[in-house]
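Come along and I will show you what I looked up.

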Amino acid sequence: MGFLDKLLKKENNKQEEYKEEKPAKRIYQRLKEVSEVDYIRFELEEKETHIFDSKVGGAYYVPRDQNLPVNQKTGAPLYLLAQINFEQILHIKDFPEKGLLQIFISGDDGVYGLDFDNEYSQSGWCLRYLEEVPKLVDESSIYKFQYSEDTELPLEKDTTFLLKAHLDKQVITMNDIHFDEVVDTYLDENLKEVMQDDEVMDELNDLFTLIPCQMGGYPFFTQYDPRQEDSNEVLLFQLDSQDHILWGDSGVGNFFISKEDLKNKDFSHVRYYWDCY
């Protein structure tokens, strides 16, 4: 058998294998080809953390030239939901290469600081970004959140996790606001037609991996994506309910930022959203 004959046979075999693949797998493979992006997947480890580690919960650093972050409606200090030290993670496009991003939420209003009428309002929560992380820290610049009987947070009292970062790739999730647009644009009519089958959609759903904690990539929700279809907001950070973490009734918390603001390291206009069952 000549070289061209072998090549033709190999191609025919590929086509036959493709035809034999389940429709759900073919759909997923096509979505992977057109939507896969780099993102940071975090493992949550119960171990001691440094004040500047990437982590969930715990004590946090307040620069001497800044005030303690507080709920502007109640005056109560905010809780450190998470912080990311960008020098501890591999770089992904548009995200900072250095500095410390701190995400604070409220524990004294029953909704973790979120204003459901204005998800950009940082009155009950806030983000702070420090471009330079100091080498030495005075004890007076470290704040440890004080719990009260009325404190309500998605994390159990005194819960702290070290965030161990992994660079990975992710395919668009099914309830991402842009999922239908990607399907309409990149899938052929045959694949779109088989997506009308509930069994195929169930099998397709099983192929997606939902990540409990991540930066970048594609979000998921218990209800729906709050962004508009023409939104250019990307996922900044996501934390799902898991051991010692519970958003309402097994919900998930998300933070979104426009691509332009992310590139400019401007965290003043971020959308905070969480939903639950």
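**A buried aspartate**

I began with Asp 275, which is buried (under 20% relative accessible area, with a 1.4 Å probe and protein chains only). I found no salt bridge for Asp 275 (a side-chain nitrogen of Lys or Arg within 4 Å of a carboxyl oxygen of Asp or Glu). Its nearest side chain of opposite charge, Arg 227, is 11 Å away.

I looked up its polar contacts next (pairs of N or O atoms within 3.5 Å, one able to donate a hydrogen and the other to accept it). The side chain of Asp 275 pairs with the side chain of Thr 222 at 2.8 Å, and with that of Tyr 273 at 3.5 Å. Asp 275 itself belongs to strand E12, residues 270–275.

**How I read the model**

I noted that this is a predicted model, where local features need pLDDT of at least 70 and side-chain atom pairs pLDDT 80 or more, while totals for chains, interfaces and linings use all residues. Residues are numbered from 1 along each chain as its sequence is written, and side-chain values use heavy atoms, leaving out hydrogens and water.

**The whole chain**

Of the 277 residues, 47% are buried. The C-alpha atoms fill a box of roughly 80 × 40 × 35 Å along the principal axes.

**A charged patch**

Which residues gather in a patch of negative charge on the surface? I listed Asp 108, Asp 109, Glu 149, Asp 150 and Glu 152. Such a patch takes residues with over 30% relative accessible area and no salt bridge, like charges being joined within 9 Å. Glu 149 sits in the loop between strands E7 (142–143) and E8 (161–170). Glu 149 counts as exposed (over 50%) because its relative accessible area is 83%.

Notes: Patch = residues over 30% accessible without salt bridge, like charges linked within 9 Å, V, L, I, M, F, W, Y side chains within 5 Å. Areas by Shrake-Rupley, 256 points an atom, 1.4 Å probe, with all protein chains shown as cover. Lys, Arg positive; Asp, Glu negative; His and termini not counted. Charge placed at Lys NZ, Arg CZ, Asp CG, Glu CD. Helix = DSSP H or I, 4+ residues; strand = E, 2+ residues; numbered from the N terminus.
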